[in-house]
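Here is my notebook from a first walk through this model. I jotted down what I looked up, one topic at a time.

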2 protein chains.
Amino acid sequence: MNGAALEFLHAPRLVAIVGASDNPDKIGGRPIRYMRDFGFTGTVLPVNPARREIQGLPAYRDLAELPGVPDVAVIAVPGQAAVDAVAACASMGVKGCVIMASGFGETPDPEGQRRQREMLANARAADMRLVGPNSQGLANFATGAVLGFSTMFIEQPPQDGPIAVISQSGAMSSVPYGLLRRRGLGVRYVHATGNDADLGVGELTEAVLEDGDIRLVLLYLEDIRDPGPLERAGQLALERQVPIVALVGGRSAEGRRAALSHTGALASERRVVDAFLERCGIRQARYTPDLVAAAELYLQNWQSHGRRLAVVSNSGAVCVLGADAATDNGLELARFTDVTTQALTQALPAFATKANPVDVTAALLTDSSLFGKVLPVLGADEGVDACLIGIPVSGRGYDVERIAADAAAFAFADDKPVVVSTPQPDVAAEFRRSGLVVFDEEASALAALAQLLSHHEQMARARSYQPRPARGSAPTPAVGRPLSEWRALQLLRGAGIATVDAILCTTADEAADAFARLGGGPVAIKGCPAEATHKSELGLVRLNVSTAACAATAARELLAVMADLQLTADGVLVAPMVRSRIEALVGAHVDAVFGPVVLIGAGGRYVEVTDDVQVLLPPFDAEHALQAIDRLGIAPLLAGVRGELPVDVDAWAAAAARLGQLMLANDRIISVDINPLMLGERAEPGAGTGAIAVDAVVVVSE
Amino acid sequence: MNGAALEFLHAPRLVAIVGASDNPDKIGGRPIRYMRDFGFTGTVLPVNPARREIQGLPAYRDLAELPGVPDVAVIAVPGQAAVDAVAACASMGVKGCVIMASGFGETPDPEGQRRQREMLANARAADMRLVGPNSQGLANFATGAVLGFSTMFIEQPPQDGPIAVISQSGAMSSVPYGLLRRRGLGVRYVHATGNDADLGVGELTEAVLEDGDIRLVLLYLEDIRDPGPLERAGQLALERQVPIVALVGGRSAEGRRAALSHTGALASERRVVDAFLERCGIRQARYTPDLVAAAELYLQNWQSHGRRLAVVSNSGAVCVLGADAATDNGLELARFTDVTTQALTQALPAFATKANPVDVTAALLTDSSLFGKVLPVLGADEGVDACLIGIPVSGRGYDVERIAADAAAFAFADDKPVVVSTPQPDVAAEFRRSGLVVFDEEASALAALAQLLSHHEQMARARSYQPRPARGSAPTPAVGRPLSEWRALQLLRGAGIATVDAILCTTADEAADAFARLGGGPVAIKGCPAEATHKSELGLVRLNVSTAACAATAARELLAVMADLQLTADGVLVAPMVRSRIEALVGAHVDAVFGPVVLIGAGGRYVEVTDDVQVLLPPFDAEHALQAIDRLGIAPLLAGVRGELPVDVDAWAAAAARLGQLMLANDRIISVDINPLMLGERAEPGAGTGAIAVDAVVVVSE
């Protein structure tokens, strides 16, 4: 969708308030108050059958009485009255409604659910858009169009700025807004969508990204019912280099249960949501503070040079704690050049530390020029990508203004990110006046810096993905049947995935022949029923069969077992025993919301317990799969330990990428489970012994 | 040591300031200013050869001129002058000196190190105690004895209270002090010890715990050179139910490098430090904010009832995020009784959530009595141990005073912990006025609550340990030699640890006999040199030997190999092949600072890479070892997966506890490495197939 198509929400000329209140602190009174106070230049039309004037404006008995067709109507009446108001708006050509009342689709109440469906049907029929129900409303502080009732707009008065907050929750639009405003940052859009019956967070994100002034978007989500709009918004944000940070509530089972009764959120598999946001370039925040923590850093428009950090402080402890926090956040401490070390030796007292971290010591109390001497030296060192200036104690006795000016001169001499930490509000204010980005302490400063750098890296990765093909609207078929192992292996082989060299035999003699054709090594012989996934449990697997005669006997027995069990069977499979250094798994299934997903993980018997799995949404390259493999818990074992060769991760990654292609190409496949995928070793990249699927369960739709 | 013995530091009558300055913002001027401003009732004696009066006080040319012997002298002069002043103090009978200058033992400079040694020798000879050098000094705001120069005492004026901050770093005494004071909490002791040449953090912690008013102790450490005082302090704190929280700088390699140049900290193995603090009952903070985050909660003196949490909010999102954060922090959401659910249904609007978390919804804006109706219902539910009240948005239109009063009435009706979250400072202030503990948002509130509960649990665990025996002062011998495998296994067996039933043979015939005595199963045959730890690499291991003749041959060959290699040997070991479900490791060594430590972990080939190890300091019980095993990464596999029996963890735990006893009983043992310890299965507790050491390397001192 085109964001400009939502102009009626962001810059309406006529706004009706259905259920308008003369009390500016009631839900139906707040939007009127806000539009008056925050400079709305359009016309507000209060609708209330009981009053002729509301908050100084002429009021109308009902929608029919209005002097014109509103662009948008705020529906501040509850229950069936809201449904009726939406219907009236639809019939008179209103472009959009914002419905504030609760008690609709978010509740288990069938009547509420029905009312929401009725609302939506009326709107759709008239091509009218809905926000809500259960919405705290929308706000655009560029136009003063405040179609919402957040108390936070009184508590922290608005100021227009380059940030948009879009949330399924009212509170989680107000809280980030309030935190940002308290730090003096301007916020333009504060949207709380509620039940997302029609317009959701994704479409509104697309819309605000059409606004070229927006440079940071913060989201709060409890579910993603239609990933398309958010995916397009992510794409647009990457094009415009606008970072999007999202807090997704309901990570835990308890949280999901709560979300179900909050916005009626449906549980998506969490790691699928994570994989989706990762490839969209949308950074996830874990907690509310993380959502806003790096806002000032994002707005600096600093580019990432790298992760080599310099730390300077007047406290050795902050040097130590800064080094610890840098390590925690994946930053490394820059190694200074000899030139830098010599210059620091000149600048600093004898007992100060000239290595990184640089401890100028408490001598700063007697010489406030020390930072001014040290920082240009660090700026000149090409090995320094970013800097933390930690000042845990200063104030009286220190020339804080000078220290701040020196730090600012350094920070703006080039575009390397610089973060400052100080726990003292007065000192922080002085540094902020100099334009610097200030945090309470070193760990939060470095977490925010690392977030900036990681997000830049994530956005670069996101640009490297091919777009996902649009999915048809066909729901995922619920009923499927497993292919026989033989057919499953054939399917995978056809998709370019290496499989064990199995030979299908229908008689004992054929099995003996197959044994010979496979070179006479020990073989595995498995019964191959047309539809069965638990061959071991049925006694249909014989391993290490080492003579042709034994092979014939085993085949005869297995064919007899399957006949006894009345299993339709393709025959038996005779396959060489495949050894591996590591057993991996590759799998895929179709997620009801997000479409095909591929799983890459540690294989073997304990997969459910160890749960060492990464998820990717196809299409993706082998390179993306390698990155996912590198995030696995077993990654440290893959490079080889104590003289072992590395494992052939390239073959593994290629198999995963091909499985992704297969899932996109063949929409009859419901799921694929390759476990184990036997990983060989790799003398050098490209010359490995491969990754071989020795068994596979493939479920296809009926 | 007896804390009262440090009374001269906490309540001196006469205080000399050597290097006193008339400028109250110089290091030598600050203590004078502070003692005047903060109500010190003793006498301050400034010493300065150049002035007769300093900050309005009569000044003295040198120590000899003083009108009496000071209890304590603050040494604010640098370098050799400080050494000389300490010597003069020692000779005149001063009880203690606080040395502020840097450039001593914390630097690589040999002259600085020598000066520190000289200072210490002079002090020891006169039975005088030292704080520092490189110390920001000590402060006791009960007596006004401020023997330090922290700028933070001006920036955040002191108020006496029940908290002590003791730190090796000046900044990390000032920062927690400042953070606590900004939150209105009173702090009595603010001690920064610097180089800990004599008195260290441990002894000062013992001393402040002698003060019955102290109810919370916060520590910052970069190293622990002598664990004894801190261990005694921990014991005292447990007896007095005073929580101690410690931030230990230098968790990372980079952090340790920085700590070395800050306080000259020696690197202790981090997990040994962790194990030490765990058994002392001292809770570790990860970052500076964590050090002070739960201070108000600790001071409430709430007892822990359990981890079943109720969440109430006017925001569904806070319910969701609260549930997520509860899960992250190991809290569970209470399941309400039917009585509770019915009462909530009466109290709340139809669309509000009556399950836990309880979402009273935005209806709070129109009805500020909702919390007052809901909270007593939760208070009456026996299944609720603690409560989060989350109010992300309120203010104008809400009766905040009433909500706060309702919340306080609930919180103080019984002693269940209650935490409140609100991001709005004005709202937070209202709740604080009601006596409630308030956080910015739900995640930090629950992290602090969980810290309180976890720390109570840790203190209970700490009480369950037998005390560690005092160690002799003998340093750990650096030179050791490995015992032969035979002697190593004998030693372990003697300590009650099950070992493989190996038979030592010196001839091929004996090996054939041993084969027969072991029942004729397949055996392992290993060369057993008197001192060698890499038998596999030397080709001295033969596995799965399955006939007596082969056993004889193998023995003959191995004896020949050892003779060729000119290895003195006990002979060869013939042992049954032992199968296991899981290979574990148990090991022990003597830490130079902390004494014997025991390691428990996942065994096998990849131990260095997987690094799945827990550390315990003996003595400990099998129960403690079981807790450690439960913290391992492989713990989920131990209970048995897909119908497997559980692994015999009891036998493993018992072996670990016995190894701890062995290390305490036999101080000739430098290290023990049992890998693998073969774990069998366990049909039920006490009826397992055990944990069997099949190989062991034991290194003993020469």
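How much space lies in the second largest cavity? I found about 60 Å³ there. A cavity here is a set of points on a 1 Å grid over the protein atoms alone where a 1.4 Å probe fits but cannot get out; grid points are joined across faces, edges and corners, and a volume is the space filled by probe spheres set on the points.

Before going on, I noted that this is a predicted model, where local features need pLDDT of at least 70, side-chain atom pairs count only at pLDDT 80 or more, and totals for chains, interfaces and linings use all residues. Side-chain values use heavy atoms without hydrogens or water, residues are numbered from 1 along each chain as its sequence is written, and chains are lettered from A and ligands numbered from 1 in the order in which they are written.

**Cavities.** I counted nine cavities of 30 Å³ or more in the structure.

**Two copies.** I laid chain B on chain A by a turn of 180 degrees and a shift of 0.0 Å along the axis, and the RMSD came to 0.1 Å (least squares on the C-alpha atoms of residues with pLDDT of at least 70 in both). The two copies are thus related as by a two-fold rotation axis. The same surface serves both, as 100% of the contact residues of chain B (heavy atoms within 4.5 Å) recur in chain A. B:Gly633 is the residue of chain B that comes closest to the axis, at 5.3 Å (C-alpha).

**A sheet in chain B.** I traced an open sheet of four strands in the order β22-β25-β23-β24, with antiparallel pairing. Strands are DSSP runs (E, at least two residues), numbered from the N terminus, and two of them pair if DSSP finds at least two bridges between them. β22 (503-505) and β24 (541-545) of chain B stand at the edges with a single partner strand each, so one side of each is left without a neighbour in the sheet. Three bridges join β23 (residues 523-529) of chain B to β24(B), and B:Val523 has B:Val545 as its bridge partner.

How values were computed:
1 Å grid on protein atoms, 1.4 Å probe; cavity = no way out; pocket = protein on both sides within 12 Å on 5 of 7 lines; lining within 4 Å.
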